[in-house]
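I opened the model to look up its disulfides and then its strands. My entries follow.

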Amino acid sequence: MIELNTDGKIMVRRCLVTFKPFRIFVVGIGFFSLCFLMTSLGGQFSAKRLGDSPFTIRTEVLGGLESRGVLRKISDMLEVIMKRVDALAKLGNNSDSRRLDELSSAINRFQPVGLFERIQAIAQNVSNMAVRMEQILQHSMAVGRVVRDGTSSQCEVPKDPRYPDCSSKVDWMRARWTSDPCYAFYGVDGSDCSFLVYLSEVEWFCPPLAWRNHTRPQPPKVPGKRQAAFRTDISTLLEQVGTGKESLSFMKRRIRRLAAQWGTAAHRLDGKLRGRWRDQKRILVHVGFLTEESGDVFSPKVLKGGPLGEMVQWADILSALHVLGHNLKISVSVKELQGFLGVPPGRGSCPLTGPLPFDLIYTDYHGLQQMKQHMGLSLKKYKCHIRVIDTFGTEPAYNHEEYATLHGYRTNWGYWNLNSRQFMTMFPHTPDNSFMGFVSEELNETEKLNIQRNKVDDMAVVYGKEASMWKLQGKEKFLQILHRYMEIHGTVYYETQRPPEVPAFVKNHGLLPQQELQQLLRKAKLFIGFGFPYEGPAPLEAIANGCIFLQPKFNPPHSSLNHEFFRGKPTSREVSSQHPYAEQYIGRPHVMTVDYNNSQEFDSAIREIMRTKVEPYLPYEYTCEGMLERVHAYIQHQDFCAPDIPLPLANSSKTRSGSPSGPFIALPNSTGLGWSSSVSAPPSWPPLSALQLFISKEAQSCVEACHHEGLVCEPTFFRFINTKEALSRSEVQCEGVETEMNHIFPAFSVVRKECGLQKEALLFSCAGLSAKYRRLCPCRDFRKGQVALCKDCL
């Protein structure tokens, strides 16, 4: 019996040793829960802000009854656990092995399936309860603060006609303030007082509260203006571009390759400006289409023949901004964007935490959408600082949200209500937008002579790196004609087998690095396009290397009305050929545009090309110096944040410095009108001295009307000619003058003698046309080889 007792004691001790970790764990859970509650509640009495609490990220909380139920469940479960552990502890004094077996069986029954899941659920419920308790206490503290300040504990929603949306915004906050943690970050705690403080001090929908301290906080120190100095060292730019994506590697290779030419261009522009002061701007460049959030479909295709035009342009924009001496930040992820802008924690419903830390932001449509998601109302406040790199352009009718919706111009891209000149294009599609462009490598005279000597007159290179571009129906017919005269080379990407779309008589080199492609183009006589891709940089590079570019004519022209590629793009532009810029601005002998369906015309063009001798040619606006001029002029002169200064009265000649004829005078040897130098006017860029007013024909846009006069339409000047006086001076007969939102106005109908003036400045459009109206068109001159700038614009 003594032996049995001894063995029983030993067994009990072993059991106790075995269950010690479990006991410690249970006690730890209880202690943790107690500390958890004490910490949550104790933090309130130290007057911590809601935004400082680790629980503010939760937006769904339990009600009071649910919280009491959670506490009761925790208490009951801990009581059961502790009773059974106490029973186990008493077992050491019990010599009855039967009791030991019963206790062991009870313990086994106690261990439920999913114990840890139950514990995890308990912790989650405690966390939810703590959030609710924290909000209740915050509300109580807010009321207490109001009482101490000598004000009513109940904040009434003010009724101020200057703030008509205040009441509806308070109702929205009552229902949705927990939908985004950013509201708690700004001190919102569920009380009407906190709603009104937020809506009057963070946003601007409610009037300032009388009981609040309205001493304005010291604004952050804005760095004083600094002069921008030209840079030639690109090492810091290369570091900022970063790594990790093949697209970024491509851009860095391009920046390095053109570094010397950028340096030379900077030296030349510095000489032209003669030390003129240039403000150094704080600029954020957010390349939205390369972010993971937008899908980044380009990076994986860089080494597989994918489109590189956008990356070429962005690399050149970065180079131009850096060389001009501006202070750059570069973002290729949403996380970087949030950090640079000062986005509050949450889901992007609230404004930025401080003033915009940048003078300018360059982005694209993807980046613009990301900024909308994360900047809240700050996007509306600061959108005048944004410049959108837009490959194909955005016309005013598509840009104005209300007008686009009402008149069928709504697409997947436009409707941002920006000034149309904030969109910056790859080619000068429409003067409504600003022309940003890109650059091609410029050759020196020795290189040009060597190219002319080494040209192979019967060698052609096809424009098309992807096999899909060779699927054009009917291509075999004109390629057979070309093959009779020339050896045809291709640069189509493939991994293992030759693409079946490429005919056997084509010598395919595969995808070539840029340097090797340059060498191939310097030998070839002809660079031939299939009709796609539209408006890329490759034709300009080929022409710059001494090739003649042959492209198909589109009849009818391609547009969003008849071609899938343009459908959904915010433009009504009609594309007459694969590369309209090359056709219109360069033309013969460097560019030939023919009907590929006409075998005789195509054959004749090939024979003419073989006979024609051309020198390498690059338009000045696509050189480094030309791009630096444009970017400099835009940065220094384009200000879309400044309010428009109202014009002088248009119906009183006495207000116009004594000029009896008003501001418009007849131009010598021209049917157009100019702005009189004796008439004062608000400052403008381009200067009003460049203005020439002409009348379009029916169904003719101002782009076409100005081009017919050897000029360029200038949308900045619309507000100066949008007057009855301009109609009268143009000898237009008006039985009535209407003012409305219409992207055709100012215009008039000859048949009905009706005249219309523009009501909405965002709808001034060079591109608009109507068969019923003749338009008043503001035209200007331009610098030779630099269509974006007037003669006095630099």
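Which cysteine does a disulfide join to C166? I found C206, with S to S 2.0 Å; a disulfide here is a pair of cysteine sulfur atoms within 2.5 Å.

The model is predicted, so I kept in mind that local features need pLDDT of at least 70, side-chain atom pairs count only at pLDDT 80 or more, and totals for chains, interfaces and linings use all residues. Residues are numbered from 1 along each chain as its sequence is written, and side-chain values use heavy atoms, without hydrogens and water.

I noted 9 disulfides in the structure. The torsion about the S-S bond of C166 and C206 is about 100 degrees, so this disulfide is right-handed. Both C166 and C206 are buried (under 20% relative accessible area; exposed is over 50%, partly exposed in between; 1.4 Å probe, protein chains only).

I looked up C182 next: a disulfide joins C182 to C350, S to S 2.0 Å. C182 sits in helix α6 and C350 in the loop between α12 and β3, 168 residues apart. Helices (H or I, at least four residues) and strands (E, at least two) are DSSP runs, numbered from the N terminus.

C384 counts as buried at 16%, whereas C641 is partly exposed at 34%.

I then turned to strand β13 (residues 591–594), where V591 and T593 on one side and M592 and V594 on the other are all buried. Strand β11 runs parallel to β13, joined by 4 bridges; pairing needs at least two DSSP bridges. I recorded M592 as the bridge partner of L550.
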